[in-house]
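Welcome! Please look over the sequence and the structure below, and then we will walk through a few parts together.

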Amino acid sequence: MATVARVVLDSPLPQLDRLFDYRVPAEIEDDCVPGVRVRVPLRSGARMTDAYVVEVVSDDALSPENDFPGELSVVEELVSPVPVLAPEVWQLARAVADRAAGVASDVLRLAVPTRQVRPEKAWLARDLDHVPPRVTPAPVEGYGDAVVESVIDAGGRAAVSAIPHPVLLSAPTTAVADDGAGADPDDTADADTSAATGTSPDTPAPAPAPAPAPAPAPAPAQAPASEPGPTWVPGWAATLAQAAAHTLAGERSAVLAVPDFRDVADLERALLVLVPAERVVRFDAKQTNGQRARALLTARTHPVVAIGSRAAVYAPASELGLIALWDDGDPSFAEQRAPYVHTRDVALVRTAQSGAALLMVSHARSTDVQRLVELGWLQEIGPHRARVPKVIPTAHQTNADGYAAQARIPSSAWRAAREASHDGPVLVQVSNPGFGTGLVCTECGERAHCRVCGGPLGSPHAGSTPQCRFCGALAAGYRCPTCGNGKLKPVGQGAQRTADELGRAFPNTRIVVADGSRPIDEVPARPAVVVATRGAEPDVPGGYACVLLLDGERMLAREGLRVQEDVLRIWANAAAKGAAGAPVYLVGIGGKLANAMALWRLDVPAHEELTDRRELFFPPAVRVATLTGTDEAVTGAIEALGDAPVGPVLGPVPVDDPTPGTVRAIVRFPYGHGTEVAATLKAEVIRRSSTRRVVKGGTKRRAAPALRVRMDDAEPFSEV
DNA sequence: AGCACGCCGACT
DNA sequence: GTCGGCGTGCTC
């Protein structure tokens, strides 16, 4: 009898996307556990591939029918005894890949950083007796008594409307504060700290055996970091942090995914008020591989709160009790690497697998979440007696009477902003950075174009050298080709332009500009006018005194399937940066969207939008698969789908994407057929990849794959 | 991806 | 008869 390791190969080839069996030599048998990295021979003995062990069995347990009948090769090398691939992450990767007709090892590349020796050594040398600090339960505030907590405890799922203003978050005022300060290593009596803080008494606490009870626990290594005082954080961040703290107080992990780096910072600030730093691990794009590896290993050691951007949803958090997303409609959640699975979808798969609770927290509702709400799969939770933004739409009017000197800002909004600017900062949201749309000749008004590529010229700062917006070439000494004049002036309104105008209108007020190239995280709660492009709005402790949303009309003029929900999301998120109940002027917008904002019923447009898309068979009412490849392969794949698709197949149409002669088609299908459709398409990809190969023009060249499949890419619909 | 296997044209 | 062309298919 011998030991057999079942491994997943680190290969992007779809035909290798299954488990392979290898014999485990006796010398490494003890360390060859699920999750470790190994090197194994593949095909010819000399050729090695990296792999992860996902299962270890004894060879008499192998069934002759289901398993490889031939002679097994032998594991070449145990790369490291550290199990970096948690079993549940493997299960997740497998399911996520299957859902997307993709390859599991592609998903693993997102979930597991490359090998890092130093963090692994540190982890192997860790203090096994170390007991992580406890977490004091704190209520999730603003949602009615224990409403959110009971969803978490029951492993439920909810779409949560975020608290639409900043909140002042302070540490729970009980037990743990003394516990940390009072340098008393003898923590005998803190077994029921929860009694002191009145969490819902009727929830039977799903605590999976409070392990840290064993008596001979050594003194805590160091006292917890000094507790931060009350801190202003966005309402959503407080909710996520409190929900995570509640989960962690039950010794279960929470995974919190947010769109970008700034959100991670906000969330971390909130979390550190409630939870010891040791219990918080980060996963984000700005980390080095070493930091990610360290975070990954920490997350496997004891229950933690894993926070971060897209990568966080793959965190190997032990005893997962909660998955929460902030602002699932943000396009940053769309993964850029194969198999392009959206964080929201990963979260859904992981919730289903783990039984963890799921919270989708946002101001504006995405059509995707709306669909789940209408299915009854997510329950709706809203803040209890929240002070919603006082949104005042000012419908578009061309009559100059209604406007002050600055033609973009109606006089009512202008007055309000001026008044508010005495008390605190005023936020002015615009759609474009810099000077907006471009530069024109001061003499003849001709648009200035790049001499290199013909693209439009822009001016990033007042008076700076004009620069091409497309190719970036500097246009020093520009002369108008029409009239020979050498002076240019900006047209359109960007953040800088607006700021310049406002600077003249608010002579004694500080003007701050924040955009993508000049990001500002926070401005003080002092009088100022803050001009920011959408998404770059700085935070203010306590919130802005007034918010002006200026370029809505222009933002809505863009083409695309998701423009409306995107714009609503951008408005709502800016509005929520206002202080509780602060006025928000929505300039130039009327109709349904203005209504939804004014009533703060951001689910209504999502419902209407979804209804429309059902009729048209547009996502997310249906799922889509984009098929690219040779005419024959694409047509064959469509045929193989039988009658699973709904609505007409779009295409195939010729595209030049990888090579001329390629075609693309889009098929739509109901969610209920997803598993079947993905499996069929994956089989087609495998069939084609092991067949097609092309010799071109005498020189051997690798041809583009005969068939590529991408599931749930809504991009093509943005042109519709 | 590599690399072996295998079934048709010019060769000692 | 055989050598070797690269299309086809497999990799525990």
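How many bridges join strand E26 to strand E28? There are 7 of them, linking residues 623-629 of E26 with residues 662-669 of E28 in antiparallel fashion.

## About the model

This is a predicted model, in which local features need pLDDT of at least 70, side-chain atom pairs count only at pLDDT 80 or more, and totals for chains, interfaces and linings use all residues. Residues are numbered from 1 along each chain as its sequence is written, and side-chain values use heavy atoms, leaving out hydrogens and water.

Chain A holds 18 helices and 31 strands (DSSP runs of at least four residues, H or I, for helices and at least two, E, for strands, numbered from the N terminus). Of its 720 residues, 51% are buried (under 20% relative accessible area, with a 1.4 Å probe and protein chains only).

## A four-stranded sheet

E26 and E28 belong to an open sheet of 4 strands, ordered E27-E28-E26-E31 with antiparallel pairing; strands pair if DSSP finds at least two bridges between them. E27 (646-655) and E31 (707-711) are the edge strands, each with a single partner, so one side of each has no neighbour in the sheet.

## The nonpolar cores

The largest nonpolar core has 53 residues, and Leu85, Val96, Phe283, Tyr314 and Leu378 touch the most other members. Such a core is a set of buried Ala, Val, Leu, Ile, Met, Phe, Trp, Tyr and Cys residues joined through side-chain atoms within 4.5 Å. Helix H1 (residues 87-99) gives the largest share, 6 residues. Apart from this core lies another, of 43 residues, including Tyr143 and Trp236.

Notes: Chains lettered and ligands numbered in written order. Buried < 20%, exposed > 50% of the residue type's maximum accessible area, 1.4 Å probe, protein only.
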